[in-house]
Amino acid sequence: MNKDNAQRNTVIDALLKNETINWQEVLSTVISAFDCTTGTIHFLDEKSGLLKVQAHQGIPPFLIPKLSEIPIGKGMAGIAAERREAVEMCNLQTDDSGVARPAAKETKVEGSIAAPMMLNGTLYGTLGIAKPVPYDFTKEEVSDLLTIGEKISAVISR
């Protein structure tokens, strides 16, 4: 683990030890740690089977209703949840794979990633971050994001 990874994990660990978790602060810290501008945390609602937004940053207000509840298998977050693996796009603006939903382009982000938040094989939600420029996240960054998702899952599962 390099210095960046250690710093990311130390800051996140401290936030997740608080009695009451400020999910907006956790998300802002993750976004900053990865030098991103935009992000979301969705928790899985087991009753409805939907991913429900817990925190968001950098999302245009008119898009909030569209990302407040996401079905498993729809959009980047839904596909990350369905596959139980990170889903990444170097440039969301030019994506034609159908993974990103059309409204996602309205965020004006390019390099983006959505990672499942899992613990012991159980899905608890998704964590997504993005940059305003084309970007490929490194294997180390993907691994760090998955580890952060695991730590968040441990808190949710308590």
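Modeller: This is a predicted model, and in it helix H2 (residues 23-33) and helix H5 (residues 139-156) pack with their axes 12 Å apart, at an angle of about 170 degrees.

Biologist: Are H2 and H5 roughly parallel or roughly antiparallel to each other?

Modeller: The angle between H2 and H5 is about 170 degrees, and angles over 145 degrees count as roughly antiparallel. H2 and H5 are therefore roughly antiparallel.

Biologist: What span should the 18 residues of H5 have?

Modeller: The expected span takes 1.5 Å times one less than the number of residues. The end C-alpha atoms of H5 are 26 Å apart, which agrees with the span its 18 residues should have at 1.5 Å a residue, namely 26 Å.

Biologist: Turning to the loops, is Asn 120 buried or exposed?

Modeller: Asn 120 lies in the loop between strand S5 (112-119) and strand S6 (122-130), and has a positive phi of about 50 degrees although it is not a glycine. Most residues other than glycine have a negative phi. The relative accessible area of Asn 120 is 74%, and over 50% counts as exposed. Asn 120 is therefore exposed.

Terms used. Residues numbered from 1 in each chain as written. Predicted model: local features only at pLDDT ≥ 70, side-chain atom pairs only at ≥ 80, totals over all residues. Heavy atoms only, no water. Axes fitted to C-alpha atoms, helices over the stretch in contact; angles between N-to-C directions. Helix = DSSP H or I, 4+ residues; strand = E, 2+ residues; numbered from the N terminus. Parallel < 35°, antiparallel > 145°, perpendicular 65-115°, else oblique. Buried < 20%, exposed > 50% of the residue type's maximum accessible area, 1.4 Å probe, protein only.
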